Amino acid sequence: MNRAAIDKFAAFVTEHSIKQIFIAKDHGAYVGASIGEKVNCIFYFKGCDPAKDKDYYDTARAKFGGDDFGEHLDASAVIAAAADPRVKTMKFTITASSMKVESFR
């Protein structure tokens, strides 16, 4: 996630007092936050956006496996990354046994 996306995500989370973000794979694969069914802030993983990527299904399956999932994470990592002007990117790493959020300067 680049700096512009970090700022947009943090602004959404802060404006709506959201405490948890989510990572999901169902129709594509993405990280996001929501305050209801119609108001969402979603960022798709590279190659996993059904609106833009023809092979999104195969790409998401290759990156994240065949089963759909949804997991929640504390939103504080996004807010902290946005608060630090030196942070340029965030990386969400998902393995079979863990999830990790990292910020890079």
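1. Is alanine 51 buried or exposed? Alanine 51 is exposed, because its relative accessible area is 73% and the cut-off for exposed is over 50%. The model is a predicted one. Alanine 51 sits in the loop that runs between S3 and H2. Its C-alpha atom lies 9.2 Å from that of glycine 28, although the two are 23 residues apart along the chain.

2. Helix H2 covers residues 56-64, and its buried residues are Tyr56, Ala60 and Phe64.

3. Directly after H2 comes glycine 65, with a positive phi near 90°.

4. Phenylalanine 64 belongs to helix H2. With a relative accessible area of 18%, phenylalanine 64 counts as buried because the cut-off is under 20%. Neighbours within four places in sequence aside, phenylalanine 64 contacts Lys25, Ala29, Phe45, Cys48, Phe69 and Ile94. One of these contacts, phenylalanine 45, is 19 residues away in sequence and 11 Å away in space, taken C-alpha to C-alpha.

5. The largest nonpolar core holds 25 residues. Those with the most contacts inside this core are Phe9, Val13, Ile21, Val31, Ala33, Phe45 and Phe92. Two or more residues each come from helix H1 (3-15), S1, S2, strand S3 (40-44), H2, helix H3 (76-83) and S5. H1 gives the most, with 6 residues.

6. Which residues does phenylalanine 9 touch, not counting residues up to four places away in sequence? They are Met1, Ile21, Val31, Gly32, Ala33, Cys41, Phe43 and Val78. Among them, Ile21, Val31 and Ala33 are also listed with phenylalanine 9 as residues with the most contacts inside the largest nonpolar core.

7. The axes of H1 and H3 come within 9 Å of each other and cross at roughly 125°. On the H1 side the contact is made by Arg3, Ile6, Asp7, Phe9, Ala10, Val13 and Thr14, and on the H3 side by Val78, Ile79, Ala81 and Ala82.

8. Serine 17 is placed in the loop between H1 and S1. Serine 17 is exposed, with a relative accessible area of 53%.

9. Arginine 105 lies in the segment that follows strand S6 (99-104). Arginine 105 is exposed, and its relative accessible area is 63%. Despite that exposure, arginine 105 has contacts with Asp84, Arg86, Val87 and Lys88, leaving aside neighbours within four places in sequence. From arginine 105 to arginine 86 the separation is 19 residues in sequence and 5.3 Å in space, C-alpha to C-alpha.

Conventions: Residues are numbered from 1 along each chain as its sequence is written. This is a predicted model: local features need pLDDT of at least 70, side-chain atom pairs count only at pLDDT 80 or more; totals for chains, interfaces and linings use all residues. Side-chain values use heavy atoms; hydrogens and water are left out. Buried means under 20% relative accessible area, exposed over 50%, partly exposed in between (1.4 Å probe, protein chains only). Helices (H or I, at least four residues) and strands (E, at least two) are DSSP runs, numbered from the N terminus. A nonpolar core is a set of buried Ala, Val, Leu, Ile, Met, Phe, Trp, Tyr and Cys residues joined through side-chain atoms within 4.5 Å. Contact means heavy atoms within 4.5 Å. Axes are lines fitted to C-alpha atoms, for helices over the stretch in contact, and angles run from 0 to 180 degrees between N-to-C directions.
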